[in-house]
Amino acid sequence: METKRSLVSAHHNYMVNGMLTPGFVLGEPEGKDGFYFLADMVLPGESTPRISGRFFDENGVFLFELVWNRLTRNPSRCVHKAIPTGFQVYRVSGETVLKVSTGRFPNGYLTFLEGRLFDSMGTIRMEQEGQGTKINGDALLVLSSPYQNGSEGNND
Amino acid sequence: MDSTGAGVWVFGDYADYFQNRVTLQLIAKAKSLAKVLETGVGVVVLGEGVSQYVMEYAAHGADMIFIADHPDLKDYDVELFTSVTASWVELFSPEIFLAGATPFGREFFPRLAKRLKTGLSADCVALEIDPETGLLVQTTPAFGGELLADIVTPEHRPQMATVHPGIFKELQHDPFATAVVVYPQVPSLPSRKIELIRRRRERSRKASLKEAKVVVVGGKGMGSAAGFEKLFHLAELLEGEVGATRPAVTAGWAGEERLLGQTGKNIKPRLVISIGTSGAIQYTAGIQGSEVVIAINRDHRAPIFGMADLGLVGDAQSIVNLLIEELNRRI
């Protein structure tokens, strides 16, 4: 029988590849210009997910960079909009690039991600699957500590 | 021997989660048993959209959680749950498997034990590891409660037991906790023989205030008999009971048997929701032993807020309506 494994946080998780995970990384966050997507671990005391990344369109054209949920570079003039459950970033054409939505339980939080993410080669790296997110290609699917504090986490 | 590092399993019975704490109590007991056996605690969670329970079990001490998040498992179904769980037990070979003696646990666990060809001790009041043999000693009342019998399962595995809610104490919620989650393959499921059409709680009007874990108390601020009547609906949704202050009883909105305080009953439930009550000492004397008191009153100076753990200032009837609406939505 096939058995998938992950890690779950008692406080906050993302739903990715049909699994719960405290955080995950696609691509190389340390790179200068290439694609990456970081859904970082959220510690108790915080309730909003920490999303960072460099986003490209289906032709590999750079759209924008997000650092901790804020747009830092945005040559394509995408729009960042707060929604009651989180935020979304969409293109001027209205097409959603990324939607981050967090549900609240009595004692914890679960974040769902929506959108189609491409790398700088135009290869699809993340897409919608049911209520969760499906990831293509190499990824660090489980962070056991916050990535942006310098730890690289563990791939369980 | 188990193949996962989690040799003591607990069935994650999440029905009526915030009233039914038996799974959390069993996780705590399983931790102490697992420590003796130098293994970990696994919790089996079957259902659809079970993420919040998975996180709760991690927060209360589970080391490993075995999940089947599957649309066919959205309702408790003994046959389907037995099929999935039996295949996982055969795959991972836990030493011990515990469940709450809840209505579902009492139906599910005997069937699972039969499928696994092992023994089951029902309604245990104590569980310990025999230091010499390493076997689980399952203590259960026998002969109508006249005797306590210690039962062991020396040959067959897992050693299975059901335990009444309230026997063990749950561990504190730890938001920093993590657990390994395992998603074993769900075997092909037998077709359902029973289709659940709807779920409805039985409405009980019998006052059992002394035993209730949740008590909704109404006072004069409920305004009318019709307003007070809504408290029965709210209590039903919370699986609790209704209490009343003297003015509500005098107004004829509730019977004398529901009266709380110096001239009525003293109660010690886990939760009191005191609605439209001013907080006169004659009444609050009867709820002083409660673990948590939530007060709802239009008047922010009402003395009830002085003893409440949480206070809501607002119109009692409007808040009751909102609570009923929200609870109905969740069921």
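Which residues is Q159(B) in contact with, leaving aside its neighbours within four places in sequence? Let's start there, and please keep in mind that this is a predicted model.

Those contacts are E95(B), I96(B), F97(B), L135(B), L136(B), Q138(B) and T153(B). Q159(B) itself belongs to strand β9 of chain B, which covers residues 159-163. Is Q159(B) buried or exposed? The relative accessibility is 1%, so Q159(B) counts as buried, since the cut-off for buried is under 20%.

Now let's move over to where chain B meets chain A. Here 27 residues of chain B are in contact with 25 residues of chain A. Between the two chains, about 2200 Å² is buried, and carbon and sulfur atoms give 67% of that area. On the chain B side, the residues that lose the most area to chain A are M55(B), Y183(B) and Q185(B), together 31% of what that side buries.

Which elements of chain B give two or more residues to this side? They are α2 (51-59), β3 (64-69), α3 (78-92) and β10 (178-184). By class, the side has 18 nonpolar, seven polar and two charged residues. Across the interface the rule finds zero salt bridges, while six residue pairs are in polar contact, both partners at pLDDT 80 or more.

Let me finish with β10(B). This strand pairs with strand β1 of chain A, residues 3-9, in the antiparallel sense over seven bridges. If you'd like a place to look, find T178(B) in β10(B): S9(A) stands opposite. Thanks, everyone!

Key
Residues numbered from 1 in each chain as written. Chains lettered and ligands numbered in written order. Predicted model: local features only at pLDDT ≥ 70, side-chain atom pairs only at ≥ 80, totals over all residues. Heavy atoms only, no water. Helix = DSSP H or I, 4+ residues; strand = E, 2+ residues; numbered from the N terminus. Buried < 20%, exposed > 50% of the residue type's maximum accessible area, 1.4 Å probe, protein only. Contact = heavy atoms within 4.5 Å. Buried area = accessible area lost by both parts, 1.4 Å probe. Salt bridge = Lys/Arg side-chain N within 4 Å of Asp/Glu carboxyl O. Polar contact = N/O pair within 3.5 Å; in protein donor to acceptor, adjacent residues only side chain to side chain. Nonpolar A, V, L, I, M, F, W, Y, C, P; charged D, E, K, R; others polar. Pairing = 2+ DSSP bridges.
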